[in-house]
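Here is a short briefing to read alongside the coordinates. Have the viewer open, and let's walk through a few spots together.

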Amino acid sequence: MSSEKFNTREAAAYIRKSPSWLNKSRMSGSGPVYLKVGATVLYLRSDLDAYLNGTRRTAIYDFANDNAKAQAAA
């Protein structure tokens, strides 16, 4: 497991999203796992990679998406 840590701005750049998107995804629980150390939010590279791998798809529509096939291709 990579212990490299990113702040919100760095993590957003890594996954090619905006810092605003990451802030909103923390509120909704739809984004990557993060660490909260006091008032500081940090993201582990391994958690960002896991999030990206979890978004792999084989089809546009959910009913046709084959998650097993997408994960096997990883």
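In which helix does T8 lie? T8 belongs to helix α1, residues 8–15, where helices are DSSP runs of H or I with at least four residues, strands are E runs of at least two, and both are numbered from the N terminus. This is a predicted model, in which local features need pLDDT of at least 70 and side-chain atom pairs count only at pLDDT 80 or more, while totals for chains, interfaces and linings use all residues. Residues are numbered from 1 along each chain as its sequence is written, and side-chain values use heavy atoms, with hydrogens and water left out.

**T8 and its surroundings**
- T8 counts as buried at 15% relative accessibility (buried is under 20% relative accessible area, exposed over 50%, partly exposed in between, with a 1.4 Å probe and protein chains only).
- Beyond its neighbours within four places in sequence, T8 is in contact with P19, L22, N23, R26, V41 and Y43, contact being heavy atoms within 4.5 Å.
- With R26, T8 makes a side-chain to side-chain polar contact at 3.5 Å (a pair of N or O atoms within 3.5 Å; within protein, one must be able to donate a hydrogen and the other to accept it, and residues adjacent in sequence count only if both atoms are side-chain atoms).

**Where α1 meets α2**
- T8, R9, A11, A12 and I15 of α1 meet P19, W21, L22, N23 and R26 of α2.

**The loop residue R16**
- R16 sits in the loop between α1 and α2, and is exposed with a relative accessible area of 77%.
- Phi of R16 is near 60°, a positive value in a residue other than glycine.
- For background, most residues other than glycine have a negative phi.

**The nonpolar core**
- Nine residues form the largest nonpolar core: F6, A11, A12, I15, L22, V41, Y43, L48 and Y51 (a set of buried Ala, Val, Leu, Ile, Met, Phe, Trp, Tyr and Cys residues joined through side-chain atoms within 4.5 Å).
- The elements giving two or more residues to this core are α1, β3 (40–44) and α3 (45–54), and α1 gives the most, with three.
- Y51, leaving aside its neighbours within four places in sequence, is in contact with I15, W21, S30, G31 and P32.

**L35 in strand β2**
- L35 is found in strand β2, residues 35–37, and is partly exposed at 31% relative accessible area.
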